[in-house]
Amino acid sequence: MSDTLDTLENITYEELQEGDSATYVKTLTEDELVLFAAVSGDVNPVHLDSEFAADSAFKERIAHGMWSGAIISAALATVMPGPGTIYLEQSLSFKRPVKLDDTLTVNLKVLSKERKNRVTLACDVRNQNDQQVVTGEAKVIAPTQKMSLSKPRLPRITIEHS
């Protein structure tokens, strides 16, 4: 899904089939990393302090692991199944660090459809070099009502650096 699309449309439980797949792409910017720290409260210096991070195993600042989890959530909520999806469960295995300016592609694949509109999806997240950064599975309740709606406009947020 592109950030420029103005409409969100879901895929209902009935429409989903095992093997269906979808992707979502997002790039980690400096502002998003700082905002994620502010919103989550995770101010680990490996994310925010270049000097501290230079002495870490990664030798540079890295993204919060849950930022990758958050973009999986965005993919489920906006692409497949899309609006109306209820997130129930997520397993995550972090394979390599995500760094500033990395562009991640979330690849979703329907593994199974179960009772009560539940769906299990494989989640594979790769960086711009096609290196796997996260893998896991999500369990959701897929929507049963078809919907198409305008993408909400979010407020512009500015960050004041001190």
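**Figure 1. Overall dimensions of the predicted chain.** The model shown is a predicted one. Along the principal axes, the C-alpha atoms occupy a box of roughly 50 × 35 × 25 Å. The chain exposes about 9500 Å², of which 50% is supplied by carbon and sulfur atoms. Of its 162 residues, 33% are buried.

**Figure 2. Order of helices and strands.** The chain contains 4 helices and 7 strands. From one end of the sequence to the other, these elements follow the pattern β-β-α-α-α-α-β-β-β-β-β. Where residues at least 6 apart in sequence make contact, 68% of the contacts join residues at least 24 apart.

Figure 3. An unreviewed UniProt entry assigns the feature "domain: MaoC-like" to residues 25–119. Over residues 25–119, the chain is 36% helix and 26% strand.

**Figure 4. The largest nonpolar core.** This core comprises 29 residues, and those touching the most other members are Met 80, Val 106, Leu 108, Val 119 and Leu 121. At least two core residues come from each of strand 2 (21–27), helix 1 (30–40), helix 4 (65–78), strand 4 (103–113), strand 5 (118–126) and strand 6 (132–141). Helix 4 provides the largest share, 5 residues.

**Figure 5. The surroundings of Met 80.** Neighbours within four places in sequence are left aside in this view. Met 80 is in contact with Ile 11, Leu 16, Asp 20, Ser 21, Ala 22 and Ala 75, and also with Leu 108, Lys 109, Val 110 and Leu 121.

Key. Residues numbered from 1 in each chain as written. Predicted model: local features only at pLDDT ≥ 70, side-chain atom pairs only at ≥ 80, totals over all residues. Heavy atoms only, no water. Core = buried A, V, L, I, M, F, W, Y, C linked by side-chain atoms within 4.5 Å. Buried < 20%, exposed > 50% of the residue type's maximum accessible area, 1.4 Å probe, protein only. Contact = heavy atoms within 4.5 Å. UniProt positions renumbered as here; feature names shortened; annotations may be inferred. Areas by Shrake-Rupley, 256 points an atom, 1.4 Å probe, with all protein chains shown as cover.
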